[in-house]
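Could you walk me through this model in my viewer, one selection at a time? I would like to know what to click on next and what I will find there.

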Amino acid sequence: MGERSGSTTPGSDGVARTYERITDAVVGLDGEFRITFCNAGAERVLDASGAQLRGTAIQEAVPNGVGATVREGCEHALETQESLGFEEYFDSLEAWYELRVYPDETAVTVHFRDVTDRVRREDQLRRRERALQDAYEALADANRPLSEQIEVLLSIVRETLGTECGTLSSVQERTNEYTLEAVDAAEGIDLEAGRTVPLDRTNCKRVVDAGRTVAIEDVGADPDAPEPADGVANGAAAVACYLGTPIFVDGSVYGTFCFYDREPCPGGFSDWERTFVGLLANWVGYKIERQRYRKRLESSNEQLEQFAYAASHDLQEPLRMVSSYLSLLERRYGDDLDAEGREFLAFAVDGADRMREMIEGLLAYSRVETQGDPFEPVDLEAVLADVVDDLQFRLEETDATVSIGSLPRVEGDADQLRQVFQNLLENAVEYSGDEPPTVRIAADRETASGSAPDGGESVSRGDGKWVISVSDAGIGIEPDDRERVFDVFERLHSHEAHAGTGIGLALCQRVVERHGGEIWIEPDPEEGTTFRLTLPDASSGTV
(Lines give C-alpha, C1' and ligand atoms only; values in the text may rest on other atoms or scores of the structure.)
Protein backbone atom coordinates (compact mmCIF):
# COMPACT_ATOMS: atom_id res chain seq x y z
CA MET A 1 0.00 0.00 0.00
CA GLY A 2 1.61 3.26 -1.07
CA GLU A 3 2.13 6.16 1.31
CA ARG A 4 0.33 9.34 0.27
CA SER A 5 0.32 12.75 1.82
CA GLY A 6 -2.55 12.99 4.26
CA SER A 7 -3.36 9.27 4.04
CA THR A 8 -5.14 7.80 7.08
CA THR A 9 -4.50 4.18 6.15
CA PRO A 10 -2.38 2.16 8.60
CA GLY A 11 0.36 1.91 5.98
CA SER A 12 2.03 5.14 7.12
CA ASP A 13 4.38 4.72 10.10
CA GLY A 14 2.75 7.43 12.19
CA VAL A 15 -0.75 6.14 11.69
CA ALA A 16 0.44 2.56 12.24
CA ARG A 17 1.95 3.51 15.59
CA THR A 18 -1.33 5.15 16.54
CA TYR A 19 -3.32 2.04 15.71
CA GLU A 20 -0.88 -0.09 17.70
CA ARG A 21 -1.89 1.82 20.82
CA ILE A 22 -5.59 1.03 20.21
CA THR A 23 -6.91 -2.03 22.07
CA ASP A 24 -9.59 -2.67 19.41
CA ALA A 25 -8.58 -4.72 16.36
CA VAL A 26 -7.57 -2.82 13.21
CA VAL A 27 -6.42 -4.23 9.86
CA GLY A 28 -5.38 -2.46 6.67
CA LEU A 29 -6.12 -3.94 3.25
CA ASP A 30 -4.78 -3.16 -0.18
CA GLY A 31 -6.84 -2.88 -3.36
CA GLU A 32 -6.89 -6.69 -3.64
CA PHE A 33 -8.21 -6.91 -0.06
CA ARG A 34 -5.03 -8.51 1.25
CA ILE A 35 -3.88 -7.61 4.75
CA THR A 36 -1.03 -5.10 4.75
CA PHE A 37 -1.22 -4.13 8.42
CA CYS A 38 -2.69 -5.51 11.65
CA ASN A 39 -2.29 -4.32 15.21
CA ALA A 40 -2.02 -6.49 18.34
CA GLY A 41 -5.80 -6.42 18.80
CA ALA A 42 -6.25 -7.83 15.29
CA GLU A 43 -3.75 -10.63 15.99
CA ARG A 44 -5.87 -11.63 19.02
CA VAL A 45 -9.22 -11.45 17.18
CA LEU A 46 -7.93 -13.23 14.06
CA ASP A 47 -5.91 -15.70 16.17
CA ALA A 48 -2.67 -15.34 14.19
CA SER A 49 0.58 -13.34 14.26
CA GLY A 50 1.15 -10.28 12.13
CA ALA A 51 3.69 -12.19 10.04
CA GLN A 52 1.11 -14.88 9.34
CA LEU A 53 -1.61 -12.41 8.49
CA ARG A 54 0.22 -10.00 6.20
CA GLY A 55 -0.48 -10.81 2.57
CA THR A 56 -3.47 -13.00 3.47
CA ALA A 57 -6.83 -12.27 1.81
CA ILE A 58 -9.31 -10.89 4.36
CA GLN A 59 -11.91 -13.57 3.61
CA GLU A 60 -9.36 -16.23 4.55
CA ALA A 61 -8.07 -14.47 7.63
CA VAL A 62 -11.40 -13.83 9.33
CA PRO A 63 -12.60 -16.97 11.17
CA ASN A 64 -16.07 -18.49 11.73
CA GLY A 65 -17.13 -18.48 8.08
CA VAL A 66 -17.84 -14.75 8.05
CA GLY A 67 -14.83 -13.81 5.98
CA ALA A 68 -16.91 -13.73 2.80
CA THR A 69 -19.28 -11.23 4.41
CA VAL A 70 -16.36 -9.02 5.41
CA ARG A 71 -14.90 -9.23 1.89
CA GLU A 72 -18.25 -8.19 0.36
CA GLY A 73 -18.45 -5.26 2.76
CA CYS A 74 -14.95 -4.12 1.86
CA GLU A 75 -15.67 -4.35 -1.87
CA HIS A 76 -18.84 -2.30 -1.44
CA ALA A 77 -17.10 0.36 0.65
CA LEU A 78 -14.20 0.69 -1.84
CA GLU A 79 -16.59 0.92 -4.78
CA THR A 80 -18.92 3.49 -3.20
CA GLN A 81 -16.23 5.25 -1.17
CA GLU A 82 -18.63 5.19 1.79
CA SER A 83 -18.01 3.60 5.16
CA LEU A 84 -20.37 0.90 6.42
CA GLY A 85 -20.86 -1.19 9.55
CA PHE A 86 -22.27 -4.58 10.54
CA GLU A 87 -22.10 -7.05 13.42
CA GLU A 88 -20.83 -10.65 13.44
CA TYR A 89 -20.45 -13.36 16.10
CA PHE A 90 -17.02 -15.03 16.48
CA ASP A 91 -17.47 -18.54 17.88
CA SER A 92 -13.81 -19.01 18.76
CA LEU A 93 -13.91 -15.94 21.01
CA GLU A 94 -17.56 -16.34 22.08
CA ALA A 95 -17.96 -12.67 21.35
CA TRP A 96 -19.89 -10.26 19.13
CA TYR A 97 -17.94 -7.71 17.08
CA GLU A 98 -19.05 -4.58 15.32
CA LEU A 99 -17.08 -4.21 12.09
CA ARG A 100 -16.63 -0.75 10.57
CA VAL A 101 -15.13 -0.55 7.07
CA TYR A 102 -13.46 2.76 6.07
CA PRO A 103 -12.42 3.13 2.39
CA ASP A 104 -9.57 5.16 0.94
CA GLU A 105 -8.92 5.65 -2.77
CA THR A 106 -7.16 2.31 -3.25
CA ALA A 107 -7.25 0.73 0.20
CA VAL A 108 -9.55 -0.19 3.07
CA THR A 109 -9.25 -0.12 6.85
CA VAL A 110 -11.39 -2.50 8.95
CA HIS A 111 -12.05 -1.77 12.61
CA PHE A 112 -13.27 -4.61 14.93
CA ARG A 113 -14.94 -3.50 18.19
CA ASP A 114 -16.09 -5.96 20.85
CA VAL A 115 -19.78 -5.22 21.47
CA THR A 116 -20.61 -8.45 23.30
CA ASP A 117 -21.83 -6.71 26.47
CA ARG A 118 -24.16 -4.42 24.54
CA VAL A 119 -25.53 -7.23 22.37
CA ARG A 120 -26.13 -9.39 25.41
CA ARG A 121 -27.87 -6.54 27.23
CA GLU A 122 -30.08 -5.94 24.20
CA ASP A 123 -30.78 -9.65 23.88
CA GLN A 124 -31.60 -9.83 27.58
CA LEU A 125 -33.95 -6.88 27.25
CA ARG A 126 -35.68 -8.52 24.27
CA ARG A 127 -36.04 -11.79 26.15
CA ARG A 128 -37.48 -9.98 29.16
CA GLU A 129 -39.92 -8.06 26.99
CA ARG A 130 -40.88 -11.33 25.30
CA ALA A 131 -41.40 -13.00 28.68
CA LEU A 132 -43.61 -10.15 29.86
CA GLN A 133 -45.59 -10.25 26.62
CA ASP A 134 -46.01 -14.04 26.79
CA ALA A 135 -47.09 -13.82 30.43
CA TYR A 136 -49.59 -11.08 29.59
CA GLU A 137 -51.06 -13.13 26.74
CA ALA A 138 -51.42 -16.14 29.04
CA LEU A 139 -53.13 -14.04 31.72
CA ALA A 140 -55.42 -12.33 29.24
CA ASP A 141 -56.74 -15.61 27.83
CA ALA A 142 -60.07 -15.75 29.66
CA ASN A 143 -61.02 -19.00 27.91
CA ARG A 144 -58.10 -20.91 29.43
CA PRO A 145 -58.66 -22.56 32.86
CA LEU A 146 -56.61 -21.19 35.76
CA SER A 147 -54.66 -24.46 36.06
CA GLU A 148 -53.50 -24.17 32.44
CA GLN A 149 -52.64 -20.49 32.85
CA ILE A 150 -50.44 -21.35 35.84
CA GLU A 151 -48.68 -24.13 33.90
CA VAL A 152 -47.94 -21.69 31.06
CA LEU A 153 -46.61 -19.10 33.53
CA LEU A 154 -44.32 -21.67 35.17
CA SER A 155 -42.93 -22.60 31.74
CA ILE A 156 -42.38 -18.94 30.77
CA VAL A 157 -40.61 -18.04 34.02
CA ARG A 158 -38.53 -21.24 34.09
CA GLU A 159 -37.28 -20.56 30.56
CA THR A 160 -36.60 -16.91 31.37
CA LEU A 161 -34.61 -17.77 34.50
CA GLY A 162 -32.90 -20.74 32.87
CA THR A 163 -33.83 -23.12 35.72
CA GLU A 164 -34.82 -26.77 35.48
CA CYS A 165 -37.90 -26.68 37.74
CA GLY A 166 -40.80 -24.37 38.49
CA THR A 167 -43.63 -25.13 40.92
CA LEU A 168 -46.73 -23.66 42.49
CA SER A 169 -47.20 -25.17 45.93
CA SER A 170 -49.71 -24.81 48.73
CA VAL A 171 -48.65 -24.91 52.37
CA GLN A 172 -50.42 -25.82 55.58
CA GLU A 173 -48.31 -24.55 58.44
CA ARG A 174 -50.58 -26.05 61.09
CA THR A 175 -49.98 -29.58 59.79
CA ASN A 176 -46.47 -28.85 58.45
CA GLU A 177 -47.47 -29.90 54.91
CA TYR A 178 -46.13 -28.76 51.58
CA THR A 179 -48.05 -29.88 48.46
CA LEU A 180 -47.05 -29.44 44.82
CA GLU A 181 -50.11 -28.13 42.95
CA ALA A 182 -48.51 -27.37 39.56
CA VAL A 183 -45.14 -28.38 38.13
CA ASP A 184 -43.08 -27.50 35.07
CA ALA A 185 -39.79 -29.41 34.93
CA ALA A 186 -37.08 -30.18 32.41
CA GLU A 187 -37.00 -33.57 30.74
CA GLY A 188 -35.57 -36.27 32.95
CA ILE A 189 -36.65 -34.71 36.26
CA ASP A 190 -39.20 -36.84 38.12
CA LEU A 191 -41.45 -34.28 39.74
CA GLU A 192 -45.24 -34.42 39.67
CA ALA A 193 -48.11 -32.40 41.06
CA GLY A 194 -49.90 -33.85 44.08
CA ARG A 195 -46.82 -34.80 46.05
CA THR A 196 -46.83 -33.76 49.74
CA VAL A 197 -43.80 -33.53 52.07
CA PRO A 198 -43.01 -31.85 55.40
CA LEU A 199 -42.90 -28.08 54.96
CA ASP A 200 -39.90 -27.68 57.26
CA ARG A 201 -37.82 -29.86 54.93
CA THR A 202 -38.15 -27.41 52.05
CA ASN A 203 -36.58 -24.08 51.16
CA CYS A 204 -40.12 -22.71 50.86
CA LYS A 205 -40.41 -22.78 54.66
CA ARG A 206 -38.14 -19.72 54.71
CA VAL A 207 -40.39 -17.95 52.20
CA VAL A 208 -43.47 -18.68 54.31
CA ASP A 209 -41.79 -17.58 57.55
CA ALA A 210 -40.39 -14.36 56.05
CA GLY A 211 -43.48 -13.56 53.95
CA ARG A 212 -41.24 -12.32 51.15
CA THR A 213 -39.08 -13.45 48.21
CA VAL A 214 -36.06 -15.61 49.06
CA ALA A 215 -33.18 -16.12 46.59
CA ILE A 216 -30.37 -18.63 47.25
CA GLU A 217 -27.42 -18.54 44.88
CA ASP A 218 -25.84 -21.75 46.16
CA VAL A 219 -27.97 -23.95 48.41
CA GLY A 220 -25.00 -26.18 49.27
CA ALA A 221 -23.07 -23.24 50.70
CA ASP A 222 -26.06 -21.87 52.63
CA PRO A 223 -25.89 -22.76 56.34
CA ASP A 224 -29.65 -22.19 56.71
CA ALA A 225 -30.63 -24.68 54.00
CA PRO A 226 -32.98 -27.39 55.32
CA GLU A 227 -32.33 -31.09 55.46
CA PRO A 228 -33.63 -32.43 52.13
CA ALA A 229 -37.05 -34.06 51.92
CA ASP A 230 -36.95 -37.38 50.10
CA GLY A 231 -38.35 -37.34 46.59
CA VAL A 232 -39.12 -33.63 46.28
CA ALA A 233 -36.76 -31.60 44.12
CA ASN A 234 -37.39 -28.43 46.10
CA GLY A 235 -35.81 -29.91 49.20
CA ALA A 236 -33.50 -32.48 47.67
CA ALA A 237 -29.74 -32.26 47.86
CA ALA A 238 -29.65 -31.97 44.06
CA VAL A 239 -31.14 -28.49 44.29
CA ALA A 240 -28.25 -26.05 44.02
CA CYS A 241 -30.02 -22.69 43.57
CA TYR A 242 -33.50 -21.45 44.52
CA LEU A 243 -35.80 -18.47 43.92
CA GLY A 244 -39.19 -18.49 45.65
CA THR A 245 -41.85 -15.94 46.55
CA PRO A 246 -45.03 -16.19 48.63
CA ILE A 247 -48.53 -16.26 47.20
CA PHE A 248 -50.97 -14.32 49.33
CA VAL A 249 -54.67 -15.16 49.26
CA ASP A 250 -57.18 -13.31 51.43
CA GLY A 251 -54.34 -11.66 53.35
CA SER A 252 -52.42 -14.80 54.34
CA VAL A 253 -49.77 -17.02 52.72
CA TYR A 254 -51.47 -19.59 50.50
CA GLY A 255 -48.28 -21.14 49.15
CA THR A 256 -45.18 -20.42 47.09
CA PHE A 257 -44.20 -19.74 43.49
CA CYS A 258 -40.64 -21.03 43.17
CA PHE A 259 -37.90 -22.06 40.73
CA TYR A 260 -34.74 -24.10 41.22
CA ASP A 261 -31.90 -25.87 39.45
CA ARG A 262 -29.32 -28.61 40.06
CA GLU A 263 -26.50 -26.16 39.34
CA PRO A 264 -25.64 -23.07 41.42
CA CYS A 265 -26.38 -19.62 40.03
CA PRO A 266 -22.96 -17.89 40.30
CA GLY A 267 -24.26 -14.44 39.42
CA GLY A 268 -27.29 -14.79 41.63
CA PHE A 269 -30.82 -13.86 40.61
CA SER A 270 -31.18 -10.29 39.38
CA ASP A 271 -33.54 -7.70 40.83
CA TRP A 272 -35.58 -7.90 37.62
CA GLU A 273 -35.92 -11.69 37.92
CA ARG A 274 -37.05 -11.39 41.54
CA THR A 275 -39.54 -8.68 40.61
CA PHE A 276 -40.83 -10.69 37.65
CA VAL A 277 -41.47 -13.76 39.80
CA GLY A 278 -43.07 -11.63 42.51
CA LEU A 279 -45.32 -9.88 40.01
CA LEU A 280 -46.64 -13.14 38.60
CA ALA A 281 -47.07 -14.59 42.09
CA ASN A 282 -49.25 -11.58 42.97
CA TRP A 283 -51.35 -12.28 39.89
CA VAL A 284 -51.68 -15.97 40.76
CA GLY A 285 -52.81 -15.02 44.28
CA TYR A 286 -55.38 -12.65 42.83
CA LYS A 287 -56.71 -15.34 40.48
CA ILE A 288 -56.95 -17.89 43.30
CA GLU A 289 -58.86 -15.30 45.35
CA ARG A 290 -61.22 -14.76 42.42
CA GLN A 291 -61.70 -18.50 42.04
CA ARG A 292 -62.53 -18.83 45.73
CA TYR A 293 -64.92 -15.91 45.48
CA ARG A 294 -66.67 -17.50 42.51
CA LYS A 295 -67.06 -20.75 44.42
CA ARG A 296 -68.51 -18.87 47.40
CA LEU A 297 -70.77 -17.00 45.01
CA GLU A 298 -71.88 -20.25 43.40
CA SER A 299 -72.60 -21.63 46.85
CA SER A 300 -74.49 -18.46 47.70
CA ASN A 301 -76.48 -18.75 44.48
CA GLU A 302 -77.32 -22.35 45.32
CA GLN A 303 -78.59 -21.21 48.72
CA LEU A 304 -80.56 -18.48 46.98
CA GLU A 305 -82.09 -21.08 44.68
CA GLN A 306 -82.99 -23.19 47.70
CA PHE A 307 -84.63 -20.15 49.26
CA ALA A 308 -86.48 -19.50 46.01
CA TYR A 309 -87.82 -23.05 46.11
CA ALA A 310 -88.90 -22.57 49.71
CA ALA A 311 -90.49 -19.23 48.85
CA SER A 312 -92.42 -20.69 45.96
CA HIS A 313 -93.72 -23.66 47.95
CA ASP A 314 -93.50 -22.96 51.68
CA LEU A 315 -94.33 -19.23 51.63
CA GLN A 316 -96.68 -18.79 48.72
CA GLU A 317 -99.06 -21.55 49.76
CA PRO A 318 -99.85 -20.14 53.22
CA LEU A 319 -99.95 -16.66 51.69
CA ARG A 320 -102.56 -17.82 49.19
CA MET A 321 -104.54 -19.29 52.08
CA VAL A 322 -104.35 -15.98 54.00
CA SER A 323 -105.46 -14.04 50.91
CA SER A 324 -108.32 -16.48 50.27
CA TYR A 325 -109.64 -16.23 53.82
CA LEU A 326 -109.34 -12.44 53.77
CA SER A 327 -111.36 -12.37 50.54
CA LEU A 328 -113.93 -14.75 52.08
CA LEU A 329 -114.11 -12.63 55.18
CA GLU A 330 -114.68 -9.50 53.08
CA ARG A 331 -117.47 -11.14 51.04
CA ARG A 332 -119.34 -12.70 53.96
CA TYR A 333 -118.94 -10.15 56.68
CA GLY A 334 -117.91 -6.94 54.92
CA ASP A 335 -121.38 -5.41 55.30
CA ASP A 336 -121.43 -6.22 59.03
CA LEU A 337 -118.15 -4.41 59.75
CA ASP A 338 -118.02 -0.79 60.80
CA ALA A 339 -115.74 1.72 59.05
CA GLU A 340 -112.79 0.92 61.28
CA GLY A 341 -113.21 -2.83 60.72
CA ARG A 342 -113.35 -2.40 56.96
CA GLU A 343 -110.19 -0.26 57.17
CA PHE A 344 -108.38 -2.98 59.11
CA LEU A 345 -109.47 -5.57 56.57
CA ALA A 346 -108.23 -3.38 53.70
CA PHE A 347 -104.84 -3.07 55.44
CA ALA A 348 -104.62 -6.86 55.74
CA VAL A 349 -105.55 -7.43 52.08
CA ASP A 350 -103.04 -4.78 50.95
CA GLY A 351 -100.31 -6.32 53.10
CA ALA A 352 -100.94 -9.76 51.64
CA ASP A 353 -100.85 -8.36 48.10
CA ARG A 354 -97.54 -6.58 48.76
CA MET A 355 -96.10 -9.71 50.34
CA ARG A 356 -97.04 -11.69 47.23
CA GLU A 357 -95.41 -9.06 44.98
CA MET A 358 -92.22 -9.15 47.07
CA ILE A 359 -92.01 -12.94 46.91
CA GLU A 360 -92.58 -12.93 43.15
CA GLY A 361 -89.93 -10.22 42.74
CA LEU A 362 -87.43 -12.10 44.89
CA LEU A 363 -88.09 -15.27 42.91
CA ALA A 364 -87.40 -13.41 39.67
CA TYR A 365 -84.21 -11.92 41.18
CA SER A 366 -82.91 -15.31 42.36
CA ARG A 367 -83.53 -17.00 39.01
CA VAL A 368 -81.78 -14.49 36.73
CA GLU A 369 -78.69 -16.70 36.36
CA THR A 370 -80.29 -20.13 36.43
CA GLN A 371 -83.47 -19.73 34.42
CA GLY A 372 -82.47 -17.19 31.78
CA ASP A 373 -82.57 -17.99 28.09
CA PRO A 374 -79.38 -18.42 25.98
CA PHE A 375 -78.08 -15.17 24.49
CA GLU A 376 -78.95 -14.30 20.93
CA PRO A 377 -79.21 -11.09 18.84
CA VAL A 378 -81.99 -8.91 20.29
CA ASP A 379 -83.58 -5.89 18.58
CA LEU A 380 -83.91 -3.32 21.40
CA GLU A 381 -86.38 -1.27 19.38
CA ALA A 382 -88.71 -4.27 19.27
CA VAL A 383 -88.19 -4.85 22.99
CA LEU A 384 -89.11 -1.23 23.83
CA ALA A 385 -92.14 -1.40 21.54
CA ASP A 386 -93.41 -4.41 23.51
CA VAL A 387 -92.73 -2.63 26.83
CA VAL A 388 -94.63 0.47 25.72
CA ASP A 389 -97.56 -1.71 24.62
CA ASP A 390 -97.61 -3.49 27.98
CA LEU A 391 -97.64 -0.14 29.83
CA GLN A 392 -100.07 1.57 27.44
CA PHE A 393 -102.85 2.12 29.98
CA ARG A 394 -100.45 3.37 32.65
CA LEU A 395 -98.85 5.79 30.17
CA GLU A 396 -102.23 7.07 28.99
CA GLU A 397 -103.44 7.42 32.56
CA THR A 398 -100.49 9.64 33.51
CA ASP A 399 -100.38 11.47 30.15
CA ALA A 400 -96.75 10.31 29.78
CA THR A 401 -94.55 11.11 26.79
CA VAL A 402 -91.98 8.47 25.81
CA SER A 403 -89.37 9.41 23.21
CA ILE A 404 -87.32 6.50 21.84
CA GLY A 405 -84.30 7.14 19.64
CA SER A 406 -82.58 4.72 17.29
CA LEU A 407 -81.65 1.60 19.29
CA PRO A 408 -79.17 -1.14 18.33
CA ARG A 409 -79.26 -4.91 18.20
CA VAL A 410 -77.52 -6.39 21.23
CA GLU A 411 -76.50 -9.85 22.34
CA GLY A 412 -78.71 -10.98 25.19
CA ASP A 413 -81.82 -12.54 26.69
CA ALA A 414 -84.87 -10.76 25.22
CA ASP A 415 -87.22 -11.60 28.12
CA GLN A 416 -84.78 -10.39 30.77
CA LEU A 417 -84.04 -7.19 28.85
CA ARG A 418 -87.79 -6.58 28.57
CA GLN A 419 -87.93 -6.80 32.38
CA VAL A 420 -85.13 -4.27 32.72
CA PHE A 421 -86.69 -1.63 30.47
CA GLN A 422 -90.16 -2.19 31.89
CA ASN A 423 -88.84 -1.58 35.42
CA LEU A 424 -86.93 1.53 34.34
CA LEU A 425 -89.92 2.94 32.45
CA GLU A 426 -92.29 2.21 35.34
CA ASN A 427 -89.85 3.96 37.70
CA ALA A 428 -89.70 7.01 35.45
CA VAL A 429 -93.51 7.25 35.44
CA GLU A 430 -93.89 6.54 39.17
CA TYR A 431 -91.36 9.19 40.25
CA SER A 432 -92.32 11.88 37.74
CA GLY A 433 -93.54 14.35 40.36
CA ASP A 434 -96.49 16.63 39.69
CA GLU A 435 -95.83 17.08 35.97
CA PRO A 436 -96.80 14.55 33.27
CA PRO A 437 -93.91 12.07 32.87
CA THR A 438 -91.39 12.70 30.09
CA VAL A 439 -89.04 9.83 29.29
CA ARG A 440 -86.23 9.75 26.72
CA ILE A 441 -84.48 6.52 25.66
CA ALA A 442 -81.33 6.68 23.52
CA ALA A 443 -78.20 4.69 22.65
CA ASP A 444 -74.55 5.66 22.14
CA ARG A 445 -71.41 3.73 21.34
CA GLU A 446 -69.27 3.19 24.41
CA THR A 447 -66.43 5.72 24.60
CA ALA A 448 -62.84 4.49 24.24
CA SER A 449 -61.53 6.86 26.90
CA GLY A 450 -63.37 5.08 29.70
CA SER A 451 -65.82 7.87 30.52
CA ALA A 452 -69.55 7.65 30.34
CA PRO A 453 -71.07 9.53 27.40
CA ASP A 454 -72.03 13.17 27.92
CA GLY A 455 -69.26 13.74 30.44
CA GLY A 456 -70.53 11.40 33.15
CA GLU A 457 -68.61 9.57 35.83
CA SER A 458 -65.83 7.21 34.82
CA VAL A 459 -66.74 3.53 34.65
CA SER A 460 -64.88 0.47 33.41
CA ARG A 461 -65.07 -0.02 29.67
CA GLY A 462 -64.54 -2.69 27.01
CA ASP A 463 -64.94 -2.96 23.27
CA GLY A 464 -68.13 -3.85 21.41
CA LYS A 465 -70.69 -2.37 23.79
CA TRP A 466 -73.54 0.12 23.69
CA VAL A 467 -74.56 2.59 26.39
CA ILE A 468 -78.35 2.81 26.69
CA SER A 469 -79.79 5.86 28.47
CA VAL A 470 -83.21 6.11 30.12
CA SER A 471 -83.80 9.72 31.24
CA ASP A 472 -86.74 11.39 32.95
CA ALA A 473 -87.59 14.84 34.31
CA GLY A 474 -88.89 13.56 37.62
CA ILE A 475 -88.02 14.11 41.27
CA GLY A 476 -84.45 12.79 40.91
CA ILE A 477 -82.25 10.76 43.25
CA GLU A 478 -79.83 12.25 45.77
CA PRO A 479 -76.12 11.52 45.12
CA ASP A 480 -75.77 9.52 48.37
CA ASP A 481 -78.61 7.22 47.29
CA ARG A 482 -77.45 6.46 43.73
CA GLU A 483 -75.74 3.20 44.67
CA ARG A 484 -78.06 2.19 47.50
CA VAL A 485 -81.13 2.02 45.24
CA PHE A 486 -79.68 -1.07 43.54
CA ASP A 487 -79.73 -3.08 46.79
CA VAL A 488 -82.52 -5.60 47.39
CA PHE A 489 -85.51 -4.18 49.33
CA GLU A 490 -83.98 -0.67 49.41
CA ARG A 491 -86.69 1.97 49.12
CA LEU A 492 -86.26 5.75 49.25
CA HIS A 493 -89.95 6.47 49.82
CA SER A 494 -92.79 5.04 51.86
CA HIS A 495 -95.46 2.75 50.41
CA GLU A 496 -97.97 5.54 50.93
CA ALA A 497 -95.96 7.91 48.75
CA HIS A 498 -94.90 5.46 46.02
CA ALA A 499 -95.74 1.83 45.30
CA GLY A 500 -93.08 -0.80 44.74
CA THR A 501 -91.27 -3.76 46.29
CA GLY A 502 -87.70 -2.43 46.42
CA ILE A 503 -86.50 -5.22 44.11
CA GLY A 504 -86.96 -3.71 40.64
CA LEU A 505 -83.61 -1.90 40.35
CA ALA A 506 -81.75 -4.77 42.03
CA LEU A 507 -83.25 -7.07 39.39
CA CYS A 508 -82.15 -4.65 36.63
CA GLN A 509 -78.59 -4.68 37.95
CA ARG A 510 -78.48 -8.47 38.18
CA VAL A 511 -79.74 -8.87 34.60
CA VAL A 512 -77.30 -6.28 33.22
CA GLU A 513 -74.40 -7.93 35.04
CA ARG A 514 -75.42 -11.29 33.57
CA HIS A 515 -75.01 -9.60 30.18
CA GLY A 516 -71.47 -8.52 31.10
CA GLY A 517 -72.49 -4.87 31.51
CA GLU A 518 -73.01 -2.21 34.17
CA ILE A 519 -75.85 0.01 35.23
CA TRP A 520 -75.47 3.32 37.03
CA ILE A 521 -77.21 6.61 37.67
CA GLU A 522 -75.80 9.56 35.79
CA PRO A 523 -75.15 12.77 37.76
CA ASP A 524 -77.56 15.35 36.38
CA PRO A 525 -77.16 19.04 37.19
CA GLU A 526 -80.81 19.53 36.25
CA GLU A 527 -83.90 17.95 37.75
CA GLY A 528 -84.56 14.34 36.86
CA THR A 529 -82.76 11.00 36.70
CA THR A 530 -80.76 9.29 33.96
CA PHE A 531 -80.06 5.57 34.16
CA ARG A 532 -77.29 4.28 31.91
CA LEU A 533 -76.51 0.64 31.21
CA THR A 534 -74.01 -1.11 28.95
CA LEU A 535 -74.95 -4.06 26.73
CA PRO A 536 -72.83 -6.07 24.23
CA ASP A 537 -73.24 -5.32 20.54
CA ALA A 538 -74.81 -8.24 18.66
CA SER A 539 -72.12 -8.19 15.99
CA SER A 540 -69.23 -8.40 18.47
CA GLY A 541 -70.40 -11.47 20.34
CA THR A 542 -68.65 -10.04 23.43
CA VAL A 543 -70.37 -10.66 26.74
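This is a predicted model: local features need pLDDT of at least 70, side-chain atom pairs count only at pLDDT 80 or more; totals for chains, interfaces and linings use all residues.

Leaving aside residues up to four places away in sequence, Phe421 touches Leu380, Val383, Leu384, Val387, Ile468, Val470 and Leu533.

Now widen the view to the core around Phe421. The largest nonpolar core has 39 residues, and Phe421 is among those with the most contacts inside it, along with Leu380, Leu424, Ile468 and Leu533. Colour the elements that give two or more residues to this core: α11 (380-390), α13, β15 (438-445), β16, α14, β17 and β18. Which of them gives the most? That is α13, with seven residues.

Next, select α13 (residues 414-430) together with α14 (residues 504-514): these helices pack at an angle of about 145°, and their axes are 9 Å apart. Their crossing is left-handed. On the α13 side, show Gln416, Gln419, Val420, Asn423, Leu424 and Asn427; on the α14 side, show Gly504, Leu505, Leu507, Cys508, Val511 and Arg514. By type, the residues of this contact are six nonpolar, five polar and one charged.

Move on to the strands. An open sheet with mixed pairing has five strands in the order β13-β15-β16-β18-β17. Look at its edges, β13 (401-404) and β17 (519-522): each has a single partner strand, so one side of each lacks a neighbour in the sheet. On average, neighbouring strands here are turned by 20° against each other, direction ignored. Inside this sheet, pick β16 (residues 465-472) and β18 (residues 529-536), an antiparallel pair with eight bridges. Click on valine 470 and you can find its bridge partner, phenylalanine 531, in β18.

For the last stop, go to another open sheet of five strands, this one antiparallel, in the order β2-β1-β5-β4-β3. Its edges are β2 (35-38) and β3 (84-90); each has a single partner strand, so one side of each is left without a neighbour in the sheet. The twist from one strand to the next averages 25°. Zoom in on β1 (residues 25-29), which is joined to β2 by three bridges and runs antiparallel to β2. Here glycine 28 stands opposite phenylalanine 37 of β2.

Helix α5 (residues 67-80) touches β1, β3, β4 (95-103) and β5 (108-114), and its direction makes about 170° with that of β3. Helix α6 (residues 116-140) touches β3, β4 and β5, with its direction at about 120° to that of β4.

Technical notes:
Residues are numbered from 1 along each chain as its sequence is written. Side-chain values use heavy atoms; hydrogens and water are left out. Axes are lines fitted to C-alpha atoms, for helices over the stretch in contact, and angles run from 0 to 180 degrees between N-to-C directions. Helices (H or I, at least four residues) and strands (E, at least two) are DSSP runs, numbered from the N terminus. A crossing is left-handed if the near helix is turned anticlockwise from the far one by less than a right angle, and right-handed if clockwise. Contact means heavy atoms within 4.5 Å. Ala, Val, Leu, Ile, Met, Phe, Trp, Tyr, Cys and Pro count as nonpolar, Asp, Glu, Lys and Arg as charged, and the others, Gly among them, as polar. Two strands pair if DSSP finds at least two bridges between them. A nonpolar core is a set of buried Ala, Val, Leu, Ile, Met, Phe, Trp, Tyr and Cys residues joined through side-chain atoms within 4.5 Å. Buried means under 20% relative accessible area, exposed over 50%, partly exposed in between (1.4 Å probe, protein chains only).
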